[in-house]
Amino acid sequence: MERPLADVRVVDLTQYEAGPTATQILAWFGADVIKIEPPKGEPGRHLGGATAERDSVFFTLFNQGKRSAVLDLAGDAGRAALRALLRDADVLAENFAPTTLERLGLGADALAREFPRLVIASVRGYASGGPWSAYKSLDFVAQATGGAMSLTGEADGPPLRMGPTNADHSAGVHLALGILAALHRRARTGRGGRVEVALQDVVVSSLRTALVPGYVTGEVVPRRGADYPDTAPSGLHPCAPGGPNDYVYLLFSNREQWLALLRAIEREDLEGDPRYARQSQRNAREAEVREIVSAWTRKRGKLEVMERLSRFGVPCGAVLDSREVLANEHLRATGMVVRHVHPQWGELFVPGCPIRIDGERPPLDPAPALGAHTAEVLDLARKHKEPT
């Protein structure tokens with residue numbers, strides 16, 4: 001595919017997940033992302049699975065297609081090289097702890113004055129201007145302070161964190177969107193600017209649907225587990241052979257889907273039953289109507305259940321475990337899970353880019369070895385050492 005960001009250069013100071021997710025999106029679509037790393041490499045290189053011979057698989061998943069250059073920003077030479085790169089860069093992205101750039105003499109306000117066309121993009125734990133602005137945060141902390149943890153778990157159990165790192169991921173996606181918006185504005189005005197996304201903020205933004213009952217009742221929104229008693233028998237239903245993820249999830253929104261379910265499970269005899277005619281009646285008999293469905297699903301595999309109910313127009317999905325996701329025929333057929341050959345890890349099946357343009361997803365290029373592009377990046381910096 002023709003990559004739409006091929007004329008964009010990003011100087012990338014990000015690490016771990018939130019910031020690298022943003023710059024990964026830009027790299028997927030062709031931006032020249034120059035990842036600036038300390039001499040020992042970005043900390044994400046050294047997470048689970050890393051050895052002396054290979055980086056962590058975590059690092060490979062968030063840094064595809066980028067260039068890696070080692071610069072010691074604690075020293076004058078490293079900071080001078082960074083400034084030289086910024087003369088010709090479009091974006092500077094970072095997700096350091098608050099005040100880190102200032103301590104390095106690279107405060108965002110000073111950089112904005114020095115490079116007025118530069119878009120400076122930052123991920124923070126908490127938004128600037130509030131009493132928590134200087135606090136550090138990570139994904140699970142943001143799930144707590146953003147309200148998501150209070151809504152996750154069983155009604156009679158403690159709050160739980162979500163399995164996916166949704167705060168980090170969502171912050172990265174929002175940061176990429178903010179960068180593109182700022183670049184679009186710069187095309188009109190010639191002015192760069194500041195883009196900031198906070199982990200807490202993106203979690204709060206994701207709560208909008210979950211907050212609705214609180215507006216209606218005026219009460220704290222409770223945890224309700226996996227089931228959805230508002231539209232019984234929505235929720236999880238067990239499937240054969242009874243493994244830890246052998247479930248299907250059903251979610252109903254109207255009476256027609258209830259009737260379609262009854263036809264799918266061959267219980268047409270209940271279509272006119274006055275006990276289940278209205279959703280309020282089904283909700284009042286939640287355990288009863290759930291068992292009507294579960295008695296049928298327990299005898300069948302989750303994919304068989306999903307395929308049959310889907311043919312009848314019932315919204316449902318098999319609970320896929322991590323291996324099943326990577327092996328899923330639909331995800332592979334559509335290019336969302338792709339075969340990826342990495343020079344250190346060999347063949348991997350990994351998530352691709354969820355965005356298609358003109359029906360195509362961008363290709364996945366391997367993540368760089370530490371410092372693989374230092375020489376060419378320093379040469380680039382020398383060319384831009386002095387303003388033209």
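Helices (H or I, at least four residues) and strands (E, at least two) are DSSP runs, numbered from the N terminus. The model is predicted, so local features need pLDDT of at least 70 and side-chain atom pairs count only at pLDDT 80 or more, while totals for chains, interfaces and linings use all residues. Residues are numbered from 1 along each chain as its sequence is written, and side-chain values use heavy atoms, with hydrogens and water left out.

**Helix H7**

- H7 covers residues 166-189, which is 24 residues.
- From first C-alpha to last, H7 reaches 34 Å, close to the expected 34 Å, where the expected span is 1.5 Å times one less than the number of residues.
- Among the buried residues of H7 are Asp168, Leu175, Ile179 and Arg186; buried means under 20% relative accessible area (1.4 Å probe, protein chains only).
- The buried residues of H7 pack against elements including helix H1 (18-28), strand E5 (119-124) and helix H8 (199-206).

**The sheet E7-E8-E9**

- Three strands form an open sheet in the order E7-E8-E9, with antiparallel pairing; two strands pair if DSSP finds at least two bridges between them.
- Strands E7 (235-238) and E9 (316-318) are the edges, and each pairs on one side only.
- Strand E8 (residues 247-250) is joined to E7 by four antiparallel bridges.
- Gly235 has Leu250 of E8 as its bridge partner.

**A helix across the sheet**

- Helix H13 (residues 302-311) lies across E8 and E9 and runs at about 160 degrees to E9.
- Such angles run from 0 to 180 degrees between N-to-C directions, with axes fitted to C-alpha atoms, for helices over the stretch in contact (heavy atoms within 4.5 Å).

Key: Buried < 20%, exposed > 50% of the residue type's maximum accessible area, 1.4 Å probe, protein only.
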